[in-house]
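I opened this entry to record what I looked up on strands, sheets, backbone angles and salt bridges. The notes follow the order in which I consulted the model.

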Amino acid sequence: MGLPAKLLGTGEQELLHLRSHGKTMIKPAIWLVVVAVLFGAVFALLPVSWRPASGWVVTILALALAVPVYLLPLLRWRTTTYTLTNHRLITRSGIINKVGHDVPVARITNVAYERSLTDRMFGCGSLVFTTSAEAPVVLHDIPKVEEVGVAISNLLFGVRG
């Protein structure tokens, strides 16, 4: 699901709608497992005479720790999107406070990509857009980064040609 039609200009068509690769959720998922194991062990080691109150305390503490280590990264991942239209590159992010950045396609002068070893293993990478007026725009952990880079280069060639 891409941007709503009301956010697109006249004659503007959405070409790609992306979000970061799921690999960004690996560390938070590992931390969630660590929190669950740690608090499960704490719960198992508590004296039976302390129950049920101790069980509730341990559960509340585990949930309180799970929110920043897993839930917030998940929401950040879900609410960060990158959309390419025939007129502009649109980035949107934010859980409560929304942040957006639009770069006109005509201002993009260069498209490059970067892939580390782990990026190559997961099939993703970072796209770097150089513009004529601003600092480079970097989109991290884009799935199939080479294909997306080629599609954007084709769009740029078509716009300028």
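I began with Asp 141, which I found in strand S7 (residues 137-143). I took helices (H or I, at least four residues) and strands (E, at least two) as DSSP runs, numbered from the N terminus. The model is predicted, so I noted that local features need pLDDT of at least 70 and side-chain atom pairs count only at pLDDT 80 or more, whereas totals for chains, interfaces and linings use all residues. Residues are numbered from 1 along each chain as its sequence is written, and side-chain values use heavy atoms, with hydrogens and water left out.

**Positive phi**

Asp 141 is not a glycine, yet its phi is positive, at about 55°. I call a residue buried under 20% relative accessible area, exposed over 50% and partly exposed in between (1.4 Å probe, protein chains only). Asp 141 counts as buried because its relative accessibility is 15%. I then turned to Lys 144, another residue other than glycine with a positive phi, near 50°. Lys 144 sits in the loop between S7 and helix H4 (145-160). With a relative accessible area of 54%, Lys 144 is exposed.

**Sheet with S7**

I traced an open sheet of three strands, ordered S5-S6-S7 and paired antiparallel. Strand S5 (108-114) and S7 are at the edges with a single partner strand each, so one side of each has no neighbour in the sheet. Direction ignored, neighbouring strands of this sheet are turned by 20° against each other on average. For such angles, axes are lines fitted to C-alpha atoms, for helices over the stretch in contact, and angles run from 0 to 180 degrees between N-to-C directions. Strand S6 (residues 124-131) and S7 run antiparallel and are joined by five bridges; two strands pair if DSSP finds at least two bridges between them. I located Leu 127 opposite Leu 139 in S7.

**Sheet with S1 to S4**

A further open sheet has four strands in the order S1-S2-S3-S4, with antiparallel pairing. Strand S1 (14-18) and S4 are its edge strands, each pairing on one side only. I listed four bridges for the antiparallel pair of S1 and strand S2 (residues 81-85), and Leu 18 has Tyr 82 in S2 as its bridge partner. Strand S3 (residues 88-93) and strand S4 (residues 99-104) are antiparallel over six bridges. Five residues separate S3 and S4 in their hairpin, and Gly 94 in the turn has a positive phi of about 125°.

**Salt bridges**

I counted six salt bridges, each defined as a side-chain nitrogen of Lys or Arg within 4 Å of a carboxyl oxygen of Asp or Glu. In the one between Lys 23 and Asp 119, the closest N and O atoms are 2.5 Å apart. Lys 23 is in the loop between S1 and helix H1 (26-45) and Asp 119 in helix H3 (residues 117-122), so this pair ties together parts 96 residues apart in sequence. Lys 23 counts as buried at 18% relative accessibility, as does Asp 119 at 6%.

Which residues are linked in a network of salt bridges? I found Glu 12, Arg 88, Arg 92 and Asp 102. For Arg 88 and Asp 102, the closest N and O atoms are 2.5 Å apart. Arg 88 is buried at 17% relative accessibility, while Asp 102 is partly exposed at 32%.
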